[in-house]
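Hi,

Here is the structure I said I would pass on to you. Have a look at it first, and then read on for what turned up in it.

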Amino acid sequence: MATLTFPLSRIEGHARVEIEVQNGKVISTRFQAMEKRGFSLMVQGVPAEQMPVIVPRICGVCSTAHHVASVKALEDAYGVQPPAQAEQIRELLLLGQIIQNQATSLFVFTMPDRLGVESLFHLSEEEADGKTQFDIARRALMVRQLGTDLISLAGGQFIHPVKAVVGGVSSGVDGVQAEAFHQRLQTALPTACQLVDFYWDISLRMKERIGTWGDDQPAYYITSTERDQPRFNSSIIRVMTPAGECCREFTASAFRQELVFEETDYSYAGRTSFEGGVMRANSLARANMTRRLGIRLADAYLRRLRSEFGHPAHPILLFDLCRGIELVYAMASASQILEQDLQHEDTQLPYQPRDGEGWGLVEAPRGPLIHHYLIERGKIARGEFIIPTVHNMLAIERALRVAAERYISADSVNLELERAVGRVVRAFDPCIACATH
Amino acid sequence: MQKITPPRFAVLQLSGCAGCEVSLLNASEWVEQFDLVYMPLVVSAYDVPPVDVLLISGGVRSDEDLYHLRRAVKHAKRVVAVGTCAISGGVANLGNRDEVRELFLSQSERRDLPRLLPKSQPVDAFVDIDLYLPGCPPTPELFMAALLQPPDFRASLTVCQECGRKKLKDMKPKHLTGFQKGEVLPDICLINQGYLCVGSSTRGGCRALCTRPGHPCVGCRGPSDTLIEKDSHAWLESIQRVFAALTEIPLEEVREALLSPQLALFLFQFSDYAGGGRPPRPKEKVL
């Protein structure tokens with residue numbers, strides 16, 4: 001039996017793919033997370049109120065989601081409900097995260113696959129029109145930076161935000177700064193749309209070349225955003241059947257009753273399943289489970305997706321196109337929130353810390369993220385992090401099998417397999433730092 | 001005309017969170033001034049080639065981290081440790097407590113995967129470092145300064161100097177407010193309001209991103225030049241003097257709070273606090 005090993009780059013964290021083959025038959029496809037830091041143990045004994053500063057360090061890409069989920073878990077334990085304005089500022093934070101993440105995934109991680117280059121920074125003269133392409137890199141980085149700048153505006157620090165606190169946020173958003181940022185987003189939106197259109201075009205061309213959108217069987221989908229106009233500062237998890245029926249709704253605290261979580265012996269990350277079936281989280285799940293985005297510009301893209309691919313849509317390379325839709329949505333939605341007065345009332349309510357149990361939920365770029373804390377004598381007795389990437393683990397391995405069977409035969413391995421492995425994994429945009437924490 | 005080759009640089013990411021890399025992507029000026037030859041987050045390349053500058057982020061957590069670290073520094077002209085994890089282990093130090101390690105190591109047996117070392121360690125436990133760039137993460141401006149090394153670059157001495165909140169002599173809280181609790185008054189020093197802020201001891205250069213919107217400094221840039229060559233006791237005494245001048249909070253209360261996990265990013269940058277018997281990092285080598 002032969003084992004093919006594929007190291008992975010242009011993803012967040014350290015991972016590799018192993019494919020076992022015997023006489024041209026694919027025996028197994030494994031997605032291996034290769035690092036572990038042990039956050040659930042590290043936080044034992046930490047004073048509970050310090051968690052929102054410590055847990056963003058689980059991941060510098062998804063830090064905002066951890067920051068907000070942590071504050072919400074503590075609020076659940078202490079029984080405090082933040083004021084509406086604080087909720088809006090937290091939504092802004094999470095939208096900043098979506099802009100930053102989707103732009104990074106689209107332009108830095110997966111665009112090189114579509115252009116046949118090693119990286120966004122290696123768009124040399126030979127690749128078509130060198131000048132245009134350098135221009136693409138510059139504009140892509142500009143759009144991406146809007147995300148971290150928005151996190152900074154709404155969250156203080158630009159990578160590991162600090163402004164979400166138990167009971168609200170530590171301060172509002174200054175009106176002059178909000179207006180200036182609103183203008184920046186409005187100016188950048190046409191550029192973002194051009195980039196998304198360009199991305200859609202080169203994806204179509206790639207499909208012509210490789211002959212597939214990464215077809216795979218339908219799957220269950222999971223998200224915590226609502227049916228109409230997604231809110232990433234979310235409260236209920238929903239599951240949809242492969243046929244497109246919404247089949248379950250539950251709160252974060254019911255996670256263990258609804259999903260099966262298991263560890264494996266070949267990866268530092270766990271995985272989940274729903275009623276024995278494969279699930280998918282992330283952008284395609286949200287697109288399939290949202291009726292409308294509530295923003296005209298973004299809804300036009302969503303309609304285009306549905307007219308070209310149906311609803312629900314299942315081919316995995318559509319995850320990437322959906323990130324483009326969400327990039328436009330997040331920029332426009334943040335821009336709308338910034339038009340409101342964000343310093344008109346108290347941003348924070350008083351609270352009394354107490355021992356007990358708390359669950360915090362947000363929709364992170366990769367799906368529903370849950371923080372679960374047990375607090376004893378003011379300290380964390382048990383910290384549990386249920387990471388969205390683990391909902392996609394089985395789906396990633398199944399899609400890898402489809403790709404492997406496509407390119408492996410009894411007498412040869414088509415070298416396109418290496419590129420296919422990268423495309424499949426990047427479509428799910430897994431975050432290994434989070435998945436293993 | 002002879003074509004000028006831009007300097008080549010690489011980014012080696014060990015066990016960390018990639019926050020340093022995300023910050024580096026924001027410093028996009030390097031795109032036109034440097035040739036980025038290795039950075040798995042953004043470039044498909046599987047080995048570190050010879051480079052002019054090697055940036056290393058993350059701590060040494062697994063045998064594979066150590067292998068990559070030792071290989072990469074061999075062909076690098078200048079080695080920069082970036083971020084609090086590479087320099088001191090950062091939050092990973094919370095996992096170095098014996099009671100945590102016992103559980104962690106027992107739960108981490110996997111086949112065919114990198115093996116975890118007994119403790120998370122900073123990179124200078126294994127290789128020589130030419131420049132330290134602390135911060136969790138360092139700002140894009142600091143990244144550019146580390147890459148270009150402009151001779152006139154000087155970060156502010158402390159976060160306090162960049163914060164601009166006023167210190168008052170007649171506003172003396174009697175107890176700590178709690179780490180994040182309560183209304184934050186704009187423009188007034190957070191210590192005057194009872195917050196545990198260590199901005200007066202922390203190396204400047206971050207533009208006081210946390211303290212200005214009202215969150216106390218947790219010291220991610222590490223000790224200022226005044227303190228960096230001293231030990232954690234010298235720091236404790238000096239920061240307690242700051243609290244004594246601005247508050248009436250009992251010293252014991254301040255002391256206990258200063259040694260709590262929220263300041264892991266700061267505390268472990270004192271080599272005596274981290275243990276391991278290494279000398280303090282010389283201030284000339286810290287940006």
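Predicted model: local features only at pLDDT ≥ 70, side-chain atom pairs only at ≥ 80, totals over all residues.

Helix 6 of chain B itself covers residues 140–148 and packs on a sheet, where it touches strand 1, strand 3, strand 5 (76–82) and strand 7 of chain B. Its direction makes about 170 degrees with that of strand 7 of chain B. Which residues of this helix are buried? They are B:Pro140, B:Leu142, B:Phe143, B:Ala145, B:Ala146 and B:Leu147. Besides the strands 1, 3, 5 and 7, these buried residues pack against helix 1 and helix 2 (30–33) of chain B.

Now the sheet. In chain B, 5 strands make an open sheet, ordered 2-1-3-5-7, with parallel pairing. Strand 2 (35–38) and strand 7 (131–133) of chain B are at the edges with a single partner strand each, so each has one side without a neighbour in the sheet. From one strand to the next, the twist averages 30 degrees.

Is B:Leu14 buried or exposed? B:Leu14 counts as buried because 25 other C-beta atoms lie within 10 Å, and the cut-off for that is 20 or more. B:Ile56 is 42 residues away from B:Leu14 in sequence, yet their C-alpha atoms are 7.3 Å apart. Leaving out neighbours within four places in sequence, the contacts of B:Leu14 include B:Ile56, B:Ser57, B:Gly58, B:Gly59, B:Val60 and B:Arg61, and also B:Asp65, B:Leu69 and B:Ala86.

Further along chain B there is a helix pair. Helix 9 (residues 232–246) and helix 10 (residues 251–258) of chain B have axes 10 Å apart and pack at an angle of about 130 degrees, which means that helix 9 of chain B is oblique to helix 10 of chain B. The crossing is right-handed. Helix 9 of chain B brings B:Leu236, B:Ile239, B:Gln240 and B:Phe243 to the contact, and helix 10 of chain B brings B:Leu251, B:Val254, B:Arg255 and B:Leu258. By class, that is 6 nonpolar, 1 polar and 1 charged.

The axes of helix 12 (residues 393–407) and helix 13 (residues 416–428) of chain A come within 10 Å and cross at roughly 160 degrees, so helix 12 of chain A is roughly antiparallel to helix 13 of chain A. Here, too, helix 12 of chain A passes helix 13 of chain A in a right-handed crossing. Among the residues in contact are A:Ala399 and A:Leu400 of helix 12 of chain A and A:Val421 and A:Val424 of helix 13 of chain A. This contact has 13 nonpolar, no polar and 1 charged residues.

Last, how do the chains meet? The contact between them takes 54 residues from chain A and 52 residues from chain B. On the chain B side, helix 1 (19–26), strand 4 (60–62) and helix 5 (98–106) are the elements giving two or more residues. Helix 1 of chain B has the largest share, with 6 residues.

Cheers

Conventions: Residues numbered from 1 in each chain as written. Chains lettered and ligands numbered in written order. Contact = placed C-beta atoms within 7 Å. Helix = DSSP H or I, 4+ residues; strand = E, 2+ residues; numbered from the N terminus. Axes fitted to C-alpha atoms, helices over the stretch in contact; angles between N-to-C directions. Parallel < 35°, antiparallel > 145°, perpendicular 65-115°, else oblique. Left-handed = near helix turned anticlockwise from the far one by under 90°. Nonpolar A, V, L, I, M, F, W, Y, C, P; charged D, E, K, R; others polar. Pairing = 2+ DSSP bridges. Buried ≥ 20, exposed ≤ 12 C-beta atoms within 10 Å, placed from the backbone.
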